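Reader: I'd like to go through this one by asking what stands behind each label. Shall we start?

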Amino acid sequence: MIHLQGVTKRYGDTLAVDELTLDVAEGEVCVLIGPSGCGKTTTLRMINRLITPTSGRIMINDRDASELKAEELRRSLGYAIQSVGLFPHLDVAANISVVPRLLGWDKPRMRDRARELLELVGLDPEQYMTKYPSQLSGGEAQRIGVARALAADPPVLLMDEPFGAVDPLNRERLQGEFARIQRELHKTVVFVTHDIDEAIRLADRIAIMRDGRLVQYDTPEAILDSPVDHFVRDFVGSDRALKRLVRVPVSDVMDTDPPVARRAATAEEMLAEVKRTRFVYLVDEDGRLTGWLDRAQLKGGCSVEDALSDADPHQVAVAPDASLKEALSRMLGLGFRSIAVVESGGRLVGQVTLGSVEGAMTDSDDHQGAPVAPELDSGDLA
Ligand SMILES: Nc1ncnc2c1ncn2[C@@H]1O[C@H](COP(=O)(O)OP(=O)(O)OP(=O)(O)O)[C@@H](O)[C@H]1O
Ligand SMILES: [Mg+2]
C-alpha cells in the first residue's frame, strides 16, 4: 500500500532521513519510533508530499506519490499533525470538515459526517460541534485532530504523535479507542510516537529509526524477543517480558466464571459462598459489580455486613479491552491477587488473577521458544 524506496531528505549538511526503505501493507498499523530528531516527522511529511524527498521514491497504492494530483492525495491520505493544529477561529464542526470542504461536499453531508466522527472518537456531537479549540482540553483537541484526519474516509492515515499532549490515563484511553476504531475501519496507518509502550500496543509492525536510518522493522513480538542491537535493546527497555503483556487484552485470559454472590442475598448465603471460595464479588440484580467479600476479613467475629467492601468499579476493576499489563499494575497497586473485569456499563464479566498473568508470560516464552527472560527480576515488578 505504502512503499518507500531509498528515500533521503537532506537539509544542508543534515541528513534528516537517510536511504529509508519501508513497506506498509494495506490495513496495517506501522509505528515509527525513535529519539527526537531521528526523522519521523520528515518521513510523514514526505509521504504526504508536504516536502519533497531529495532522492528516492514513494509509492502509494502502486502509484508514484509525486504524480498524484492534490485532490487524489487529499482523498487518499488523512493527516493528524504533531501539534494537533486545529484552526482557532473555526468551531469543531468546521475544523473536522476542512478536507471535505476542499473536496466540495455540501453542508448537510459535512455536518452529518462531523457528527458521526465525534461519536466515533467518543465526544457528544450536541456538546462539541459548536465549541472552539480554546474551549477544549488537550485530550479532546487530539480526538478532534483524529476525527479531522478521518473526515474524508481516506484509506491511509498518517498520525504524528496524535496522543502526545495528554496525560497517561487519557492516553491509555485514547489508545484503546484508536485500537477499537482501527479494528472497525482497517485503515493503513503510519503512526509516529516516542512511547514504546504505545508502539507495542498499537503496532502491527514497529519501525525503529535512529539518525534518519531504519534500524529494525518487525512485529512488536519479534522486536521484544530479538532486538537487533544494543540501541534497540536499550530503547525497548529492560522489562521486555512485562512489555509483552501490553499485547494481550484482558479478555483473552480472563476467567469468565468468577465467584459471585448477589448483593441482595442473605448474610448466610453470602457466608456460605465465601467459605467455599475464600473470596466473592458482589453484584446487584443487573450483574453490576458493587463490592466484594473476603473470608480473611470475617475473622475475629466480624459480621458479614461489616466485612463487605464497597467497590468503585473505576478503582478496582479493568475493562475487557485493557491490556494485561494494565491489569497487573492495578493489582500490584491495590495489593490484590485478582482483579475484576467489568464492561463499560459496570457489569462484572470476569476476573484476572496473578496466576493467569504469569501464565501469559510463560506462554509467550514457550511460544517463542526463548529462554525464560533473564531480565525479569523482582525489580521489574516494583
Ligand atoms: N526544515 C528543516 N530545515 C532544516 N533541518 C530540518 C528541517 N526539518 C527537520 N530538520 C532536521 O531534520 C532532523 C529530523 O527532524 P524530524 O522533525 O523529522 O524529527 P522527529 O523524529 O520528528 O523528531 P521529534 O521526535 O522531536 O518530533 C532533525 O535533525 C531536524 O533538525
Ligand atoms: Mg516529529
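Reader: What makes both faces of β7 covered?
Author: Buried means under 20% relative accessible area, with exposed over 50% and partly exposed in between (1.4 Å probe, protein chains only). Val156, Leu158 and Asp160 on one side and Leu157 and Met159 on the other are all buried, so both faces count as covered. This is a predicted model: local features need pLDDT of at least 70, side-chain atom pairs count only at pLDDT 80 or more, and totals for chains, interfaces and linings use all residues. Residues are numbered from 1 along each chain as written, chains are lettered from A and ligands numbered from 1 in written order, and side-chain values use heavy atoms, leaving out hydrogens and water.

Reader: How do you know that β6 (residues 77–80) pairs with β7?
Author: Strands are DSSP E runs of at least two residues, helices H or I runs of at least four, numbered from the N terminus. Two strands pair if DSSP finds at least two bridges between them. Four bridges join β6 to β7, in parallel, so they pair. In β7, Met159 is the bridge partner of Ala80.

Reader: Why is the contact of Lys40 with ligand 1 called polar?
Author: A polar contact needs N or O atoms within 3.5 Å. A polar side-chain atom of Lys40 sits 2.7 Å from a ligand 1 oxygen atom, so the pair qualifies. For Thr42, a polar side-chain atom is 2.5 Å from an oxygen atom of ligand 1.

Terms used:
Polar contact = N/O pair within 3.5 Å; in protein donor to acceptor, adjacent residues only side chain to side chain.
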